[in-house]
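Me: I've got this model open and I'd like a close look at one part of it. Could you pick a spot on the surface, walk me through it, and then link it to how the helices pack?

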Amino acid sequence: MDVFLAIAVIVTLALLATGPSRYRFRKSGPITRIVSGGWPAVVVGFAIGPSGFALISDRTIEWTAPLLILALGWVGLMIGLQLRVALLRQLPASVSRILGYDLATVLVLFGTCAGLLLWAWAGRESGIAAIVAPWTLLVGAALGWSMETRSLGASPGEEARLLLIRLGGGLASLIAVVIVGVGDKLTTRSETGAIQFDGAYSTLALASAIGVAGILGVLARYVIGRTGRSQGEQLAVYIGLIAFVGGISAELGNSPLLSAALAGIVIANIAADEITRFERFILKAEHVVAIIVFLMAGMLMSRTVGWWGIGIAAAFVVLRGIAKPPALRFAEAGAPDAGHDRSLRWTLLRQSPIALALALGLALVEPSAFNRELVTIVVIIGLSTEFAALFLARSPTPRAGENGAAS
Amino acid sequence: MIVRVLRLSFAIGALVGFAWIVRFWGSQLRSGAERGAASSGEVPLSDPTGRVFEPLPPGLLDTGAGVGLLLLAGYLAGRLCSRLKLAAVTGYLLLGVLVGPQVLGIIRAEEIGYLTLVNDLAISLIALTAGGEIRLSFLRESWKQVSTIAIVEAGGVLAGCLVLAPLVLSGAGIISDPWTAPSLAIAALVAVIAVANSPAIVVAVINELNARGTVSKLALAVTVCKDLLLVVVFTVTLALAATAVLGADESAGASAVVKDIAVHLGGSLVAGLVVGVVLAYSTRAFRQHLVFFVVFACFAIALGSEALHLEPLIVAIVAGMLMENLFGEVTEELFESIEELSLPVYCVFFGVAGTKLDLVSLADVWPWALVFVAGRAALVWATTTGACLLVETPRSCKQWLWSGFIPQAGIAVALATIVNEQFENEDFAEPLFGFILAIIAVHQLVGPVVFRLGLVLSKDDEPEARTQSGGETQADESRPQVE
């Protein structure tokens, strides 16, 4: 009964949040753009979850794990399908520069900060192995930025920069998924339950994740090729694929995001014409899946995050403010400054929504209080940077004909 | 043809084989404490700050792969069966048997509980479809045929099985003396369950063939009417049987039974009307994500019915009938979305049903189960053909309508479960439950094949049959074919 209630609430809110009226609301002003985005879903999730009014219990949230696996598999495939080798070859040099800059600053600045604070918070008692997965999560979540650019309302001359923001953010998401997926497999639990390094296990687990993703990609390609044209057939095969890819990874103890993303890469690079329909299907439900992820993040938030958690969140917000805005200028070094809108660089402050999916993936495999606090930290960083970008970036004027959908 | 069959078989084999390897290799790959904690809960797991937490229940994380396998391999198995001129439903069921706990064990017993969440979604969806297929214009024209066939067939099967069941149950060693009052009461329950049909299988096979002729329309209408009737008959029979077997003290009183029926049936009808109106008026608001809206609506019907102790099947059938007949234009897109969802839902629903097929019970009592199945089939044939002779029906109905009343599935299992719960402390309860499940298993596997054959031989799936049966609407033409 509770599980039905949880699923019913999640799906209803997802539908309401993605209805056409919400798009109209989004266009009406800068604050409402945030309010009508995914963040209210986090607030609603928190309110109905165990840390809020407890309408949905911890046990019920656990029971909705298959729904989360499906959502994470969906996100992973969406990321992986973008990575076509043929397209990568055509990427401008500025994308490599912005990615290189971001990766370097995140590993050095955010990595050091996260390492020190996590060590002080939990590592002193439990050892380095215990903080490896949380560290990779925080680093992965810090990578990239929000790829949503439509609501920025930039002038027509800014298309190339907006494309750079989207491409850089998209590729950074994939790197983040890989970092967190690998980080999660670097440690394991011993027979006594302690977290420890185990090289043999890690190598085998990672090899299996890659191998399984490869096989899944080939199988998926085969099945997609044999799918009929009716909507019902496509629905059965596509949902089946997403559930199978996400479920198989979860069963092996791997991140559904990583395996799905790797399978997506394989599908994208060996598939023929039929893949377009699959891609369209995946993108069609993007908003609904996003809202489900936001809602689940809200439900998993914890009130016991404490000063360490708040400290990490505050440090990361400040670091994003320092490190992210120069990325755009670094990527465009040497290019003539033809009166570009300088305030656009502040939009890089906004945390990538993939960060929430990454945090949920960790909390899904191990539903511990600590992992829920990590989800809370990621949510705080996301919300804070969203608001900060709102006030620092230029107040936009929506372009004519814009429907407000996220890119 | 042979190449295509081989290709499909290979693809199913590859998917199932891959899932099997991952399932058994995967459990080895998980770390020691994960395995220990998941299996026994003996190893306490703590997070980096030292706080202990409970891991997810065993089987929960594996559910995603199970659903994926039932969808992907089920879809291919359905296509394979279609190529072999069998019902696609048979493919889903057989795949469920193959991957279920009794054969390969890819889907384990503890996972089935999580997968049955899909059942509630599926039952509402199937019932909405069934309701949407029943047009008032058709009922107005054919109410004499529908009511006569329903009453004669249900009455005939009930009467015949009342004689057959004591003999078979006695032969199978479930009851000792077949002609005592308690034995007859138990036999009466088996006979009532034998009347039950499966709207799910009927709708699935009709959709698969896109059959819209008289045989399919009558089969569906009679099945739905019989199910409404069955709720009343079963409740009364169960109360009488409880009095005969357990004594008056432990059974419910007559007034309670009447009240129960009134609330159950009347409440479900009223709720169905309300749900139908609400869905019809909400369709436009959720047009952008109608498929998700349908999923939500089906969950809401299941959730609401459970909370109000109503029958979700009746609620959804009434809602579907109301929407089709009063809000046809508004809900056309909604029914299209329901039809889009049908195939994936059938794959999982019938796949899960396959995983639950009790092969052990069947192996124990199969000779007596087969005697009962054969007897019931003869009764269904004789009573349906007789009823068709009594009222004016096309020749195809006289020859093949009976095939629609062979399949049994969810409703029969639900009734058997209620009987098992009512008599759980009695010695005969467990073998009786096993025997009924064995019969349902046979009907579940054979039923779709027979009904498909009936529809094909009666040419109900051909375009001429639709025009001959009349009542074809624009919505019929626009609805996409499932298979």
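**A greasy patch and the packing around it**

Reply: Let's start at Leu98(B), which sits in helix H4 of chain B, spanning residues 88-99. Keep in mind that this is a predicted model. Leu98(B) belongs to a nonpolar patch on the surface, together with Leu204(A), Trp20(B), Ile21(B), Phe24(B), Trp25(B), Val103(B), Leu104(B) and Leu359(B). Taken together, these residues have about 740 Å² of accessible area. Which helix gives the patch its largest share? That's helix H1 of chain B (residues 2-29), with 4 residues.

Helix H12 of chain A (residues 231-251) packs against helix H3 of chain B (residues 63-83) at an angle of about 140 degrees, and their axes are 6 Å apart. The crossing of H12(A) over H3(B) is left-handed. On the H12(A) side, the contact includes Ala236(A), Gly240(A), Phe244(A) and Gly247(A); H3(B) brings, among others, Gly64(B), Gly68(B), Leu72(B) and Tyr75(B). Sorted by class, that contact has 13 nonpolar, 4 polar and 3 charged residues.

Now for a pair within chain A. Helix H9 (residues 128-142) and helix H16 (residues 306-323) have axes that come within 12 Å and cross at roughly 35 degrees. This crossing is right-handed. Leu138(A), Ala141(A) and Ala142(A) of H9(A) touch Ile312(A), Phe316(A) and Arg320(A) of H16(A). The tally here is 5 nonpolar, no polar and 1 charged residues.

Last, the charged pairs: there are 14 salt bridges over all chains. One of them joins the side chains of Arg189(A) and Glu366(A), at 2.7 Å from N to O. Arg189(A) lies in strand S1 of chain A and Glu366(A) in the loop between helices H18 and H19, so this bridge ties together parts that are 177 residues apart in sequence.

Notes
Residues are numbered from 1 along each chain as its sequence is written. Chains are lettered from A and ligands numbered from 1 in the order in which they are written. This is a predicted model: local features need pLDDT of at least 70, side-chain atom pairs count only at pLDDT 80 or more; totals for chains, interfaces and linings use all residues. Side-chain values use heavy atoms; hydrogens and water are left out. Axes are lines fitted to C-alpha atoms, for helices over the stretch in contact, and angles run from 0 to 180 degrees between N-to-C directions. Helices (H or I, at least four residues) and strands (E, at least two) are DSSP runs, numbered from the N terminus. A crossing is left-handed if the near helix is turned anticlockwise from the far one by less than a right angle, and right-handed if clockwise. Contact means heavy atoms within 4.5 Å. Ala, Val, Leu, Ile, Met, Phe, Trp, Tyr, Cys and Pro count as nonpolar, Asp, Glu, Lys and Arg as charged, and the others, Gly among them, as polar. Patches are made of residues with over 30% relative accessible area and no salt bridge: like charges are joined within 9 Å, nonpolar side chains (Val, Leu, Ile, Met, Phe, Trp, Tyr) within 5 Å. Accessible areas come from the Shrake-Rupley method with a 1.4 Å probe; for residues, only the protein chains shown count as cover. A salt bridge is a side-chain nitrogen of Lys or Arg within 4 Å of a carboxyl oxygen of Asp or Glu.
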